[in-house]
Amino acid sequence: MRGLKNPLGIAALVSLVFLLFMVVLGPILWGEEAVRTDTMALTQGVSAAHPMGTDGLGRDVLARVMAASRSSVGLALLATAVAVAGGLLLGALPAVLGRRAAGLLNGFVSLVVAFPGLLIALVLAVVLGSGGRSAAFAIGLASVPAFARLTQTLAASVAGRDFVAAARVLGVGRARMLFRHILPNIGEPLIVQATLGAGGALLAFAALSFLGLGVQAPDYDWGLLLNEGLNRVYVNPAAALAPGIAVVLAGLAFNILGEYAAQVFGGRDTIARAEGRSARPVPGDALIVRDLRVSFGPAVPVKGVSFTVAPGERVGLVGESGSGKSLTALAVAGLVEPPGVVTGTIEAGETAMVFQDPMTSLNPALRVGTQIAEVATTHQRLSRRDAARRAVARLADVHIGAPARVAGQYPHELSGGMRQRAMIAMGLMGAPRLIVADEPTTALDVTVQKQILDLLREASTTSGAAVLLISHDLAVVAQLCSRVLVMYAGVIVEDLTTERLVAGPAHPYTRALLASVPDMSADRSLPLATIHGRMPSPAEPVTGCPFAPRCPRADERCLTAMPPFTSASGGGGVACWHPVRETGGGPVTRPDEEAPDEEDPMRRTR
Amino acid sequence: MAVPSPPLDHPVPPPTEAAPARERRHPWVAYLARRLLRFVLSMALLITATFGMVHVIPGDPVRAALGVTASPELVAARTHELGLDLPVWQQYARYVAGVFGGDLGSSMVSGLPVAQTIADRLPYTVMLALVAFAVVMITAVPLGMAAAAWTRGSRGRAAELLFTGASGLLAVVPEFLLAVAMIVVFAVTWELLPVANVSGSVTPSYYVLPTLALAVGPAAALARIVRVEALAVLSSDYMRTARAKRLPARLLYLRHALPNLLTGALTIGGLLISGLVAGSVLVENVFVWPGLGSALVDAIKAKDFPVVQGVVLVYGSAVLLVNLAVDVALGRLDPRSTIKED
């Protein structure tokens, strides 16, 4: 019983039992007492004999409320049935009708749906006359447009899917298409909406009866009892509260059932991201990272990363998706949000960030100039006018034509390349010592990619800022960077110059990564080179080298002991028991095999 | 759409400035035209529906209104008076002409002109709805934003539970039940606030309970929506950009998050107004408020069709006008919504 493990499932079960109990047993247990008049106890307040008092004829209010459950809930269900049936008919018809008729029907539904349901129900109550059943029809018909709209939307979304297109190609008729292919696929959201709709119908029914337009005496439902109770509210407030409480409880029960149905039918996703620690400015290196770890509960996507970036140096951080490279970048910028936990040391000067998607990284509601200028007004205490002037100058620096005009535009008026330039201009507003660029060109087309990379190089040369470029694309990194850090499963496995990367890296993973990049000479008749197997997930405990299961050079030791990161004599280094040495390059010095594992910072995995 | 130029004293080349401005005005005009057409069509539907209402009632509406004891002569006279003996298309023409001429007929019960009844009662309903709407917007947006700021990521689990629980409960309790509960608590038990005034004058203290009853549910619903919207906005890439700029919280929330929330809040707020209009019918009846809502219910009970028609017309057109206003405001507030259009 998966459903019983979560609180909503339990609440839904309780609601269902509650509703069934009231509807089935309410009239049986309390039906007689509900109509028994007692002239000795007219309009009494709360007492032991009558927990909610009595009404004008001496009938017990509590018994009447309980006995009214069946009619109240039953009529609400009738109204819902009318609404769903009518909505399905009206909403599914356009799928069967011709284009013109369907358009007219859709237009009609969208006009009617604008009116509040209660108002339509009131008008329909005039037409249909008062009484329980006609009120149920009035409420049901009033919610037909909403259900029709829902059906239309759902049917349209299904109609766009591949299997419906395939059925159409096969010449499946419209009606058959509707019943075989479309309706079964929109059933689940409709059930959810119908359950929630039943709660709404219950409340609407109580409202109508309360106004005296629904159930008529001597019949009674919760709405009518509420009306009677309110008339004597100064004598016995409980008589007004009791039916109200019943309505709210039953309404809640329907809502909980609907919520639970929604949870069962469709998964829910939660948003998780948050804020981090500020980076501290330090002299010397542009960035020092020591034993950086980022964990999300049991998952540790970044497992002890250490590196430094010299002033003005352009360093690439590469790796496949999930290697922890983007999280490392966010941690450097202090932007890892709870529940993420960052440990280790990060010493960074003023940092500018350039993000992957220029389409979403600028605030759509603010002018470009405002967004660029506010860095200067908040951090450099510049006046608005000076900051705006500087923003325009920076936009000119990033080669935006008519920078003053662009400053007055909104992000949606700019192209992707222009926005990424604006992001870089924003970063250049201060005096950054480091520009962290997280996949800055991934969302752009190839010609624009090159321009942005050139711009980053230029920005770094003229401002003296170092660049940390995060990318999965070795070609992009090779264009801009002089040094490359290769990340795999949360650790840096190799640190090498771009020349070494091209000439022949030492780590088998870097080699595999390089081999998977197609170039002009690649034989197109062969499949693209891929790396077999998959990267261990951040939550998996890893003993030994994380790449070992996929590595052609791996042996017993690779599977049991994590290779330490060993610095090469000519700078850089590699974490591998069996680095590739044959293709030139300086010898990689490796410590003794007996080196105590405990001292190795890269070994500590949770 | 005239975009006021930002405070930049950089020389602006006039020709490049003028051309895009003209291009930008065009979709805005088309957008307005589409919205107005939609409004006109909806009004036509509303007028036709209120006219048709009387004609689809089973039996003789005049007989139903006057009761079984009325003499056949009286019924015939009243039928003639109302023009119900004319061909339907002539009746329709008369009705439409009447609506545009401000003549909505007269009550079958009191004989008073319907327009007069509406003019007397409309101000009370409008005041009630406006005050309630103001209360909703003023409380819901800051509440929702604060809740989002507190419960972002996985922080503040208890606060989240409290907020979603309380607002969820308040949002599903219908206004008339809330009204009854408030009467029991504030008027009957504690005797703090007045409920209904039979003498006719409505002082500010009479507004407290009805507006609260009307506003609490929509405010809770809106606050929930604002929180969810705010969570999405706060975790968006551009907010990450803003945090990367190390902006103080005030700028972060007020300048970067709020404008992106307002469009959503306003859309839902607009939808809530139609709900408020419907809810006011009930609340007015609970508090014996001298507005249109109680007039409508009385007229329905008395089968006083001309009054029902008139009041429904007023309610319906109010809802349509609000929807139109929200769409126009959205077009101005959110520079993108004029472009992406159904």
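Is the crossing of H13(A) and H16(A) left-handed or right-handed? The crossing is right-handed, clockwise by less than a right angle from far helix to near. This is a predicted model, in which local features need pLDDT of at least 70, side-chain atom pairs count only at pLDDT 80 or more, and totals for chains, interfaces and linings use all residues. Residues are numbered from 1 along each chain as its sequence is written, with chains lettered from A and ligands numbered from 1 in the order in which they are written.

**View 1. Helix H13 (residues 368-379) packs on helix H16 (residues 416-427) in chain A.** The angle is about 25 degrees and the axes are 8 Å apart. H13(A) is therefore roughly parallel to H16(A) (angles under 35 degrees). Val368(A), Gln371(A), Ile372(A) and Val375(A) in H13(A) meet Ala422(A), Ala425(A) and Met426(A) in H16(A) (contact: C-beta atoms, placed from the backbone, within 7 Å). These contact residues divide into 6 nonpolar, 1 polar and no charged.

**View 2. Asp291(A) has a positive phi of about 45 degrees.** Asp291(A) is not a glycine. Its place is in strand S1 (residues 287-296) of chain A (strands are DSSP E runs of at least two residues, helices H or I runs of at least four). Asp291(A) is partly exposed, with 14 other C-beta atoms within 10 Å (buried means 20 or more, exposed 12 or fewer, partly exposed in between).

**View 3. Lys303(B) also has a positive phi, near 55 degrees.** Lys303(B) lies in the loop between helix H11 (292-302) and helix H12 (305-333) of chain B. Lys303(B) is buried, with 21 other C-beta atoms within 10 Å.

Terms used
Axes are lines fitted to C-alpha atoms, for helices over the stretch in contact, and angles run from 0 to 180 degrees between N-to-C directions. Angles under 35 degrees count as roughly parallel, over 145 as roughly antiparallel, 65 to 115 as roughly perpendicular and the rest as oblique. Two residues are in contact if their C-beta atoms, placed from the backbone, lie within 7 Å. Ala, Val, Leu, Ile, Met, Phe, Trp, Tyr, Cys and Pro count as nonpolar, Asp, Glu, Lys and Arg as charged, and the others, Gly among them, as polar.
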